[in-house]
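This report describes the structure shown below, moving from the contact between chains to the arrangement within each chain.

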Amino acid sequence: MTGPRGARRHLPAIAFFVTPFAALFALFYLVPIGYAIVQSLYKVERTGTFGPAREVFGGLAQYRRVFTDSPFWHSVERVLLFGVVQVPIMLGLALILALLLDSGLVRGKRFFRLAFFLPYAVPGVVAAIMWGYLYSPNLSPFTAVTANLDLLGADLVLWSIANVVTWVYVGYNMLILYSALLAIPPEIYEAARIDGAGVIRTAWSIKIPMVRPAIVLTTVFSIIGTLQLLAEPQVFRSFSSAVSSTYTPNLTVYATSSVPNFHLAAAFSVVLALATFVLSFSFLKFTQRRGAR
Amino acid sequence: MRRSIAVVLLSTLALTACSSTDSSGAEKTAASCAPASGPVTLTFTSWVPDIQKVVDIWNKANPAIQVTVQTGPNGNGGTYQNFFNQLKAGNAPDLGQIEYDALPSFRVQDGLTDLAGCSDVTAAKDQFVDWTWNQVSFGEQGHVYAVPQDAGPMALFYRKDLFEKNNIKVPTTWQEYADAAVKVKAAGGYITNFSNSDINQFAGFAWQAGAHWFTNDGTNWTVDLTDPATTKVAGYWQDLIDKKLVSAVPPWTDEWNNAYNESKAWTWVSAVWGANSIATGAPKTSGKWAVAPMPQWNAGDQVAGNWGGSSTAVFKGSKHPYEAAKFALWLNTSSEALTELNKVANLYPAAKSGSALPALSEGVAFYGDQKIYDVFSTASGQVKPDFTWGPTMTQTYADASDGFKAAVSGQGTLLKALQDAQASTIQTLKSQSIPVKE
């Protein structure tokens with residue numbers, strides 16, 4: 001391996017290759033985040049009912065509002081509940097499908113791989129609209145179900161949305177897990193077969209432990225996706241009267257910025273980003289510690 | 001490492017550049033309104049479909065003042081958010097379509113040019129229906145923040161054939177409307193849906209009943225979403241919801257269109273532009289509808305509510321307020337523009353002369369050749385002139401509709417929803433440092 005001296009020799013080349021990324025990363029990632037943080041520290045002052053507004057430094061005033069805003073924290077609770085139920089189901093299904101494809105038990109592997117992945121190619125909004133039609137009592141072709149079960153009512157709509165999200169992302173997660181399975185060296189299977197392991201035993205004791213990093217990765221993606229749920233509930237607002245304007249944290253941010261209360265919306269976003277970061281990071285730490293044991 | 005420091009430094013620089021642009025103070029007086037020396041190009045954002053055809057007429061006649069049209073989704077569907085963002089970024093268009101209920105929000109955000117300096121605009125006051133002028137001037141003498149475009153006087157759309165067939169009297173009072181609801185339900189339909197996600201219809205009902213949701217005494221706002229009139233209206237609809245006499249289908253959905261098209265919903269108390277909504281949403285029912293005046297709270301009264309209606313505003317930052325005002329006036333008072341606006345979008349003009357347009361005195365085939373605009377013309381004159389909108393209606397609507405949706409799904413009541421919306425509106429005003437009386 002080249003030491004520090006080698007790195008120094010390649011410095012111009014490294015700079016050449018890194019600059020485009022660094023510039024775009026700064027422009028479209030760091031600067032907007034920094035701008036949001038700055039915005040969240042400001043507040044508006046005005047005199048009279050239609051008086052001129054001045055933006056003044058407000059310290060943590062917006063954050064005090066965030067922490068006392070009960071609809072926001074309800075929405076956080078809601079997506080956490082959603083995640084605790086939906087993420088394991090989705091990844092469990094993805095794992096089973098990936099193992100089935102990998103097991104050699106199925107014929108038409110290529111067809112199924114594509115078929116499972118296809119829903120991911122449907123844009124999320126389109127998928128939500130399509131499922132919205134299927135759930136609507138007056139429009140659904142499955143009237144026997146929708147007439148007896150209010151899938152868009154306050155009790156069930158969260159799980160109706162979970163179904164849409166699962167439908168879209170199972171294939172995507174399956175593909176990640178399946179490619180991880182393909183990377184396992186065949187000698188290991190050979191050794192397992194010689195030791196007398198059957199298909200299920202191989203899956204449980206070899207395949208799953210060996211794709212663990214991929215499972216952790218998909219879980220982190222799913223945690224982030226869950227906390228940022230926006231498109232599906234937004235679409236469902238036109239189908240269901242149970243989806244409020246503050247149903248998920250991101251909807252709350254959107255609703256606040258349309259008031260328009262940019263400063264408070266910025267503070268919501270910063271808190272949400274931190275929460276997402278903390279959750280994903282603690283999950284990673286947790287699994288790493290268990291992995292090391 | 002050094003690179004990352006450079007990146008951090010760079011972004012801090014960019015940040016200071018961003019944050020140092022402080023919003024300038026609002027002007028207390030009207031903007032000066034002087035014509036430009038050379039030809040100008042104005043930008044105009046609207047969500048009226050085919051507005052381009054109207055603007056083409058202007059562009060052909062006015063080579064020195066060319067107007068470029070941008071269209072977007074309807075106001076609360078995204079265009080207002082764009083306007084607010086553009087205003088913050090300092091690149092708003094010269095002109096924009098704004099509904100009356102959103103004008104206070106834009107004025108609070110210091111987004112509107114006071115056109116009182118343009119003598120043509122102030123002179124046009126008498127050309128508009130009184131209450132529409134009140135909306136754009138906020139009832140203040142010597143100020144005008146937009147030019148009224150259209151109005152949404154309300155009336156009762158009903159299925160004439162079904163009412164006759166089932167021998168149900170066309171309701172003239174809200175009591176008769178509730179009685180009819182029972183008979184319609186018995187005949188296998190719903191008299192209407194309760195608009196749980198679009199609060200503007202409810203606002204129109206409250207307006208008719210004499211509600212005053214917001215008052216503004218110059219130093220403080222007062223919010224009163226639960227005044228006696230509103231409480232009465234909320235109680236009335238709550239009763240119909242409890243008795244399951246109205247459906248809970250969310251408005252403006254395919255399911256809702258379907259209910260009208262399949263004759264499952266028999267009436268709609270709606271604004272003049274609703275004529276178009278039914279015609280496009282329920283094509284199978286052509287010729288079977290009729291329009292009657294809005295049901296009254298007391299027999300013999302003649303009061304109408306209003307639902308919707310837009311104005312054309314000149315945004316702060318427009319370099320050509322004179323030309324912009326001139327175009328806005330032409331768009332909303334000239335008979336050629338009003339005729340075309342009515343043709344492309346069924347807009348009902350806020351200008352008094354509008355009711356005399358040939359297109360508005362003809363029978364409409366979808367309504368059995370009834371001259372429906374006569375009903376709305378009368379209604380337009382019966383709208384109470386003193387209804388004021390609040391400065392954060394987007395939030396008030398969102399919160400009230402959250403509560404209304406819960407109420408139609410059996411959790412809470414409409415009144416509870418209004419109480420909650422009242423509290424959160426006061427909260428939102430405070431968070432914007434807008435003075436409010438509690």
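How many residues does the contact take from chain B and from chain A? In this predicted model, chain B contributes 49 residues to the contact and chain A contributes 37 residues.

**The contact between the chains**

On the side of chain B that touches chain A, the elements giving two or more residues are α1 (2-20), α3 (79-89), α4 (103-108), α11 (254-261), α16 (393-408) and α17 (414-431) of chain B. The largest share of that side is eight residues, and α1(B) provides it. By residue class, the side of chain B that touches chain A holds 17 nonpolar, 23 polar and nine charged residues.

**Domains of the two chains**

Both chains have a domain assignment. In chain B, domain 1 covers 29-151 + 308-356, and domain 2 covers 154-306 + 383-437. In chain A, domain 1 covers 18-59 and domain 2 covers 69-292.

| Domain pair | Distance between C-alpha centres | Residues in contact |
|---|---|---|
| domain 1 and domain 2 of chain B | 28 Å | 16 residues from domain 1 of chain B, 16 residues from domain 2 of chain B |
| domain 1 and domain 2 of chain A | 32 Å | seven residues of domain 1 of chain A, six residues of domain 2 of chain A |

For chain B, the contact takes 16 residues from domain 1 and 16 residues from domain 2. On the side of domain 1 of chain B that touches domain 2 of chain B, at least two residues each come from α4 and α6 (130-137) of chain B. The residues of that side of domain 1 of chain B are eight nonpolar, six polar and two charged.

For chain A, seven residues of domain 1 meet six residues of domain 2. The elements that give two or more residues to the side of domain 1 of chain A that touches domain 2 of chain A are α2 (11-40) and β1 (42-46) of chain A. Of the elements on that side, α2(A) gives the most, with four residues. The residues of the side of domain 1 of chain A that touches domain 2 of chain A comprise four nonpolar, two polar and one charged.

**Annotated spans of chain A**

An unreviewed UniProt entry places the feature "domain: ABC transmembrane type-1" at residues 76-283 of chain A. In the model, residues 76-283 of chain A are 76% helix and 0% strand, with the end C-alpha atoms 17 Å apart. UniProt, again in an unreviewed entry, lists "transmembrane region" at residues 12-38, 79-102, 114-136, 156-184, 210-231 and 262-284 of chain A. Among these spans, residues 114-136 of chain A are 87% helix and 0% strand, and their end C-alpha atoms lie 29 Å apart.

**Helix packing around α4 of chain A**

Helix α4 (residues 70-103) of chain A packs with helix α8 (residues 157-182) of chain A at an angle of about 40 degrees, and their axes are 7 Å apart. The two helices, α4(A) and α8(A), are therefore oblique to each other. The crossing of α4(A) with α8(A) is right-handed. The residues of this contact of α4(A) with α8(A) are 20 nonpolar, three polar and two charged.

The contact of α4(A) with α11(A) has nine nonpolar, six polar and no charged residues.

**Local backbone features**

In chain A, a cis peptide bond joins A:Val259 and A:Pro260, with omega about 5 degrees. A:Pro260 lies in the loop between α13 (249-257) and α14 (262-292) of chain A. In chain B, B:Trp252 is a residue other than glycine with a positive phi, near 65 degrees. B:Trp252 is placed in the loop between α10 (228-242) and α11 of chain B.

Definitions and conventions: Residues numbered from 1 in each chain as written. Chains lettered and ligands numbered in written order. Predicted model: local features only at pLDDT ≥ 70, side-chain atom pairs only at ≥ 80, totals over all residues. Contact = placed C-beta atoms within 7 Å. Nonpolar A, V, L, I, M, F, W, Y, C, P; charged D, E, K, R; others polar. Domains from an automatic or database assignment. UniProt positions renumbered as here; feature names shortened; annotations may be inferred. Axes fitted to C-alpha atoms, helices over the stretch in contact; angles between N-to-C directions. Parallel < 35°, antiparallel > 145°, perpendicular 65-115°, else oblique. Left-handed = near helix turned anticlockwise from the far one by under 90°.
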